[in-house]
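The following exercises concern one protein structure. Please study the sequence and the model before reading each solution.

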Amino acid sequence: WLDHPVIQEILTEYGIPVVKTEVASSPRIAKMISQKMNFPLVLKIASKDIVHKSDVGGVILNLQNPEEVETSAEIMLRTVHTYQ
């Protein structure tokens with residue numbers, strides 16, 4: 001499997017549009033990053049060890065505001081931790 005940043009780079013090189021992606025090291029940082037983006041957003045766990053991220057609660061769709069991003073990131077970390 002290729003990491004998301006590598007896939008984005010390859011697609012960009014071939015002129016295929018990709019969505020903007022940011023990586024956050026904590027729920028608080030995710031909230032801060034989201035304040036500079038357009039909503040709705042998708043939150044996805046960044047882990048090389050989890051291939052099927054949605055199977056372990058590692059993808060949350062349709063987030064509408066920074067507070068929801070932070071809360072969802074906290075929940076996601078707890079949920080994923082129970083699976084891994």
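**Exercise 1.** What percentage of the contacts in the protein with a separation of 6 or more is accounted for by residues 24 or more positions apart?

*Solution.* This is a predicted model in which local features need pLDDT of at least 70 and side-chain atom pairs count only at pLDDT 80 or more, while totals for chains, interfaces and linings use all residues. Residues are numbered from 1 along each chain as its sequence is written, and side-chain values use heavy atoms, leaving out hydrogens and water. A contact means heavy atoms within 4.5 Å. Residues 24 or more positions apart supply 43% of the contacts in question.

**Exercise 2.** Which residues of helix α2 are buried, and what covers them?

*Solution.* Buried means under 20% relative accessible area (1.4 Å probe, protein chains only). In helix α2, residues 27–34, the buried ones are Pro-27, Ala-30, Ile-33 and Ser-34. These residues lie on the same side of α2, because their arc around the axis is only 120°, taken from the directions from the helix axis to the C-beta atoms. Their cover includes β1 (41–44) and α3 (66–83).

Definitions and conventions: Buried < 20%, exposed > 50% of the residue type's maximum accessible area, 1.4 Å probe, protein only. Helix = DSSP H or I, 4+ residues; strand = E, 2+ residues; numbered from the N terminus.
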